[in-house]
Structures are given as structure tokens and as C-alpha cells.
Amino acid sequence: MSSTVFRQTLRQVRRTLGVLVLGVGAFFYLVLLASSSFTKEAPNLPFFQSPPKAITAFLGGSADFFHADGWLSAGMTHPVILSLLTSSALLVAAGSVATEVERGTIDLVLARPVGRVPFLLAKALASIIAVTAAELGGLAGVLIARQTIDGVRELSIGSVLRAFTGSWLLFVGVAMVGMLVSARSSLRGQSIGITVGIVVAWFFMNFIALLIDGISGLRFASPFHYFRPIDLLAGNAPAGDLLVLAAVPAVALLLAAAEFTRRDLTR
Amino acid sequence: MGMAIEVEGLVKRYRRKPALDGVSLSVADGDAFGYVGPNGAGKTTTIRCLLGLVRPTAGVIRILGHNVATDLGAVLADVGHLPGEFGLWPQLTGAECLDYLGTLQQRAPVRRRELCDRLELSQADLRRQVRLYSRGMKQKIGIIQAFQHEPRALVLDEPTEGLDPVMKERFVELLAGHRQAGGTIFLSSHILSEVEETTERVAVLKAGRIVRTGATADLTGERVRHCTLVLKQPLADAAALDIEGVSGLESDGLIHRFEFRGDMEPLMRRLGTFAVQEFLSEPEHLAETFFEIYGDSDQGRSR
């Protein structure tokens, strides 16, 4: 891995990443703040006792509005947090190769004794650092909420760590898929667009499969199926789910390296 | 003398469309080699193949004794490259761009200060973000990053784009200095006078094939000279200018215009027998040969 490329890459995104970290942290804090007010005065309505299938499907298969872990689980699959974490995943990854090709800097870098694989690994590590920072921001928001908000203290640190580990694996996967798309592309916008399209397709594939019984088997094709925060928080998630989540980035990175080493670097 | 750059049977196809079709060339250690051709002829593709940025479909490339396909790192460690179209990192300063590229080169940028002085890039300029740079200033950064680590071989693609005439002159001096230090130059340019001025050998590329290779001087020797002869007295014999190599003779009283190709010595001996007031012989420039090769000599002469 090229440590120079790694440092330079992180340096270029540090401000944007800082904003994303704060955003993720603030979001989780606000979700748990909202949960405390809701759980105290929870209306005894059938809608909340047994939410419609569409709501539970949209929230990844579970909708528990009466406990902090239910709110945290819903927060982890909320479109806002998915957008923030996808942004952190793609901040480096989607532009890792495509931006450098589009901007015309790749010629200056790779006409030096850097090597394509060390270059790509540096970008991959920087992407993983970006996802890690965003997840740590979220974790910090949860831990601060746990210390400062009544009703959130019931969350155990171990279960929160498990849930964030699952989220981290999912978004490292998104980042590495972004690397793969970028390794094939010469346009940053195209690379981001395709990767966002893939993430949205994964999300809706899981959502629709949970909603319609006839196509429920489709959910196995979506990484979102293997990330069920409510199960991770409860300690019920199968180890196989985490293995699948871990396999996605590993396979994507290998494919990205294979693609990048054999492609022609032309605009 | 060893070969700094050897290319044998280089073929590059994009899908089925050939970009390079059997290019072979060699550049001796310490030589300056010009590479000319119109847009789309394959000049930049050749350079990208030399530097491992594009994978050849077939052919072998050796630079400084290393095979590019198998030992690219060793090649790139001793090469300085200025791409034809390049970008810089807009949020970095000029100095930071040079630091970054210098660190990646893994060799000390021993010439940076001297190059900045010669190209009149001040410390204040270097502290500014490159997004604020003009085209010419970016080009100066490009030149400095290629030269700063004293590479043995320079691979330059349109190196004077955006430079003013003074800076172009300085750049030519830099090339001369590199040659004096024993370095090799591979220069692709559409500015043919620049190639003529700075290289000893030249290859002309057309549709992915080299159609002419030779010493720049030889190509000049093959070329037509446009001659104007002004006499003090009319010629006694109209056939007096019937000399081997003379063609297209146009006479207007005491003024005779013609084209001459070949050895000048017999012509000069004959002219010595006339009462000559003035004799002008203007050699064609590389541009005209270039356009001749492309079947557009009229356009060449008009430039």
C-alpha cells in the first residue's frame, strides 16, 4: 500500500468527512432523544402495537416504538442515516480511480513507481477509515445519548457495538463496491451514480421482498437482508449474516484490484 | 551507446479499432527523439504504453534496460513524465503538489529550487492553491515535477502548451541542459519547430504507423529549399539555370524563383559564374515535410 497516497487521500476529504461524522452522531442522538419522549407517553394504539407490514419492511423487518433499541434499530435503517453513511462510504471510494482519471492526475501519480495495487489499497484503506469515522460518530452519538437521556440507559454497550459492527460491515461493503465501480470508470459522477443506484436497488430489493410474500426469496440477494439491527441489538443475529456482510467488501475489493490492474488508463 | 528506449512491434487495439499498428523505434542513451503526427495518430497512446498506463495488445517495450511489462517500477523510478493533458489537485498549493509527487517518486527533488527560479515560479506562487493558477503556471508545475528528481529519461507530451515565448525558450534550455548531463528525451509535440530545434531524430506517425524515421537533419536535407536569385544583369543563356535539382523555375526580369532539392554545392558553383546581387535559400521546415507526408503540402507552405 502506498502510505503517501493514503495520507493525501484522507487529507483531501477531512473536512467533508468531519461534517458527515458530526451529522451521523447528531442523527443518532436526536433519534434516541425522540425515543425517550415517545416511550414515556406511548399511545396504546393498534398502529404502534402492530405496525403495518410496509412500515416494518421499510425499517428492515422490525418496528418497535416502545424501546430504545427499537428506535436505534429504526434509526440505523432510516433513509437519512443510510444517505449519510453511503456518502461517507463513497466519499473516497467512488472517486478513488474515476476522479483521478477524470481530473487527469492519475497520469502524474501512476507514471511514478507507485504500482496500481498499492495505489488501490491506499484508496481502499482510506475509504474504510472514512466509514469507520462515520460509524464512530454514530456510536459516540448513541453513547452520549445513553449517558444523558432517561430511558436510553437500558441500551447495553455490547449490543450497541454489535449493531454498529454490522452497520460498519455493510457500509465497508458499499465502499468497496464503489471502489469496484470506480476502478472501471473514468467519470466521478458516473461512478457515484452507479454505486448509489446499486445501494438503492439493494435497499428496495430487501424492502419489496419483505413486503410481498411471493418474492420473499429475493431478499437473500440484498446485503440489507443480512443487516438487521434489531437482531444484532438483541444478540440474535446469525454469525452467517456477519460473514456474508464481510464477504461483500472482500470480493468487491478483489474484483476492483483485478479490474484496475488490467484496464487502460484513458479518459 | 546503449538504447534508452526500444519499442518493437507495438500494437494497441481498442476493441477492434487499431490505435497503434506495429510501431517500432529506438532511442539511444543521451539522444533527443521527436515524435510527431496529427491528432489521433497514436502519439499519446504510444507514450501511455511506454509508461504502463495503457496495456499493449502486442509488442515489447524496454526502457533503460527494463521491460515495461514486467519491471515497470524500475522503469518509472528513472523517468520523468509530463503528460499532454494533466490536472492537479485543486485544493493543494503548488508546493504541496510538488511535495506529493516528489514523495511518490521516492527520489529527492534535488532540482526543484533551481527549476522554480528558472521558470519564475516564486515562493508566493507556490503557496497558492493550484485552482487559482493560470494554464501557464500549471504547465510550469508540470515541467518541474517531471525534471525535479533528475530522471535519466524524459517522456514529454506537448510540453510547452500554455507557456509564453520566454518560458518556451527557458524550456528549450532545460532540455539542452538535460542532454548535456547525458539524459535522454522523448518529445511528442505538434509544434514542429520545437521538435526541429530540440531533437536530433524524429519519427512521423500516421494512423498508428510510423511512416518516416530519421535524423532531423536528414529530413531537412531531403526537403525542398525555396530559392530566390536576384541578378545584376540578365542571363545570357536561358538554359543557364538548367541545373540538377532545380525545379519550378519562374523568371521575372532579373529575379528568378525556383525550388531546389539535393546537394547545394553544384548550384553554388554555377551561381558563382553569374553576376549575383542577392541569393536567398530558405529551407522548408519540418512542418512542410510533415504536411507533405500527409498529402497537404499547400497547407504546410501557407503556415
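The model is predicted.

## Where the chains meet

Chain A gives 26 residues to the contact, and chain B gives 30. The area buried between them is about 2600 Å². Carbon and sulfur atoms supply 54% of that area. On the chain A side, A:Leu108, A:Arg112 and A:Pro113 lose the most area to chain B. Together these three account for 27% of what that side buries.

In a salt bridge, the side chain of B:Arg48 meets that of A:Asp107, at 2.6 Å from N to O.

## The chain A side of the contact

Four elements of chain A each give two or more residues to the side that touches chain B: α1 (3-40), α6 (98-103), α7 (106-110) and α12 (239-262). The largest share comes from α1(A), with five residues. By type, the residues on this side of chain A are eight nonpolar, eight polar and ten charged.

## Helix α10 of chain A

Helix α10 of chain A runs over residues 188-211 and has 24 residues. From first C-alpha to last, α10(A) reaches 34 Å. That is close to the 34 Å expected at 1.5 Å a residue.

Several residues of α10(A) are buried.

## A buried methionine

A:Met176 sits in helix α9 (residues 157-184) of chain A. A:Met176 counts as buried because its relative accessibility is 2%, and the cut-off for buried is under 20%.

Which residues does A:Met176 touch, leaving aside neighbours within four places in sequence? The contacts are A:Ala124, A:Ser127, A:Ile128, A:Pro249, A:Ala252 and A:Leu253. Take A:Ile128 as an example. A:Ile128 and A:Met176 are 48 residues apart in sequence. In space, their C-alpha atoms are 8.5 Å apart.

## Chain B as a whole

Chain B has twelve helices and 14 strands. Its C-alpha atoms fill a box of roughly 75 × 45 × 35 Å along the principal axes.

Chain B has 303 residues, and 49% of them are buried. Consider the contacts in chain B between residues at least 6 apart in sequence. Of these, 68% join residues at least 24 apart.

Notes:
Residues are numbered from 1 along each chain as its sequence is written. Chains are lettered from A and ligands numbered from 1 in the order in which they are written. This is a predicted model: local features need pLDDT of at least 70, side-chain atom pairs count only at pLDDT 80 or more; totals for chains, interfaces and linings use all residues. Side-chain values use heavy atoms; hydrogens and water are left out. Contact means heavy atoms within 4.5 Å. Buried area is the accessible area (1.4 Å probe) that two parts lose on being put together, summed over both. A salt bridge is a side-chain nitrogen of Lys or Arg within 4 Å of a carboxyl oxygen of Asp or Glu. Ala, Val, Leu, Ile, Met, Phe, Trp, Tyr, Cys and Pro count as nonpolar, Asp, Glu, Lys and Arg as charged, and the others, Gly among them, as polar. The expected span of a helix is 1.5 Å times one less than its number of residues. Buried means under 20% relative accessible area, exposed over 50%, partly exposed in between (1.4 Å probe, protein chains only).
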